Amino acid sequence: MSEQAATGDGATDDTGPTTAGMTADGTAETPAAVPGAGMVADSDGAGGPQSRTADIVPGPGGVMTDEVGVVTGELTLRTEYADGRVTLRVQYKDADEWYAVTGGAVGLNDPAGLDAVHGVAVALLHRPEG
């Protein structure tokens with residue numbers, strides 16, 4: 001950028017983009033060559049696979065899974081977001097196998113809601129006192 005453009009002296013000899021492809025009303029202008037425009041800082045992308053985990057102890061009756069039926073005792077709950085869907089999975093604490101929680105999958109348009117969904121799932125399933 002020229003010194004004049006940087007200091008606001010009026011005239012400019014800078015020929016590069018100045019709007020990063022947007023107009024004042026937020027509509028897209030003709031594409032501008034702005035390095036990094038449209039990129040997200042998160043390495044897996046804003047809509048890419050994400051997950052949250054928490055250790056839980058379910059109440060009497062445990063947690064029903066699609067693969068093995070009811071699981072009880074100390075478990076780890078994983079709330080996964082991928083391709084516009086949230087899926088709940090559990091495993092016995094420190095085990096290798098994960099099991100899908102029966103009825104624990106739903107569409108989620110905004111991955112920003114993952115923390116809220118995970119919080120609700122933990123609140124519903126973690127019942128160490130019964």
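The legends below describe close-up views of a predicted model.

Because the model is predicted, local features are given only where pLDDT is at least 70 and side-chain atom pairs only at pLDDT 80 or more, whereas totals for chains, interfaces and linings use all residues. Residues are numbered from 1 along each chain as its sequence is written, and side-chain values use heavy atoms, with hydrogens and water left out.

**View 1. The protein chain as a whole follows the pattern α-β-β-β-β-β-β-α along its sequence.** The secondary structure comes to two helices and six strands, where helices (H or I, at least four residues) and strands (E, at least two) are DSSP runs numbered from the N terminus. Of the 130 residues in the protein chain, 27% are buried; here buried means under 20% relative accessible area, exposed means over 50%, and partly exposed lies in between, with a 1.4 Å probe and protein chains only.

**View 2. Strand β5 pairs with β4 and also with β6.** Two strands are said to pair if DSSP finds at least two bridges between them. Strand β4 (residues 75–82) runs antiparallel to β5 and is joined to it by eight bridges, and in the hairpin of these strands, with two residues between them, Asp83 takes a positive phi near 55°. Strand β5 (residues 85–92) and strand β6 (residues 99–107) are likewise antiparallel, with five bridges; Val86 stands opposite Val106, and Thr87 stands opposite Ala105. The hairpin of β5 and β6 has six residues between the strands, and Asp94 in its turn has a positive phi of about 70°.

**View 3. Gln91 in strand β5 reaches the backbone oxygen of Ala95 with its side chain.** The distance is 2.7 Å, which falls under the heading of a polar contact (a pair of N or O atoms within 3.5 Å; within protein, one must be able to donate a hydrogen and the other to accept it, and residues adjacent in sequence count only if both atoms are side-chain atoms). Gln91 counts as buried because its relative accessibility is 9%. Leaving aside residues up to four places away in sequence, Gln91 touches Glu74, Leu75, Thr76, Asp96, Glu97 and Trp98, a contact being heavy atoms within 4.5 Å.

**View 4. The largest nonpolar core has eleven residues, among them Val63, Leu75, Val90 and Leu125.** Such a core is a set of buried Ala, Val, Leu, Ile, Met, Phe, Trp, Tyr and Cys residues joined through side-chain atoms within 4.5 Å. Strands β4, β5 and β6 and helix α2 (114–125) each supply at least two residues of this core. Not counting residues up to four places away in sequence, Val63 touches several residues, including Leu75, Val90, Val101 and Leu125.

**View 5. The structure holds four salt bridges.** A salt bridge is a side-chain nitrogen of Lys or Arg within 4 Å of a carboxyl oxygen of Asp or Glu. The side chains of Arg52 and Asp115 meet in one of them, at 2.6 Å from N to O, and this pair links strand β1 (residues 50–56) with helix α2, 63 residues apart. Asp55 and Lys93 meet in another, also described by an N to O distance of 2.6 Å; Asp55 lies in strand β1 and Lys93 in the loop between β5 and β6, so the pair ties together parts that are 38 residues apart in sequence. Arg78, Glu80 and Arg89 are linked in a network of salt bridges, and both Glu80 and Arg78 are buried.
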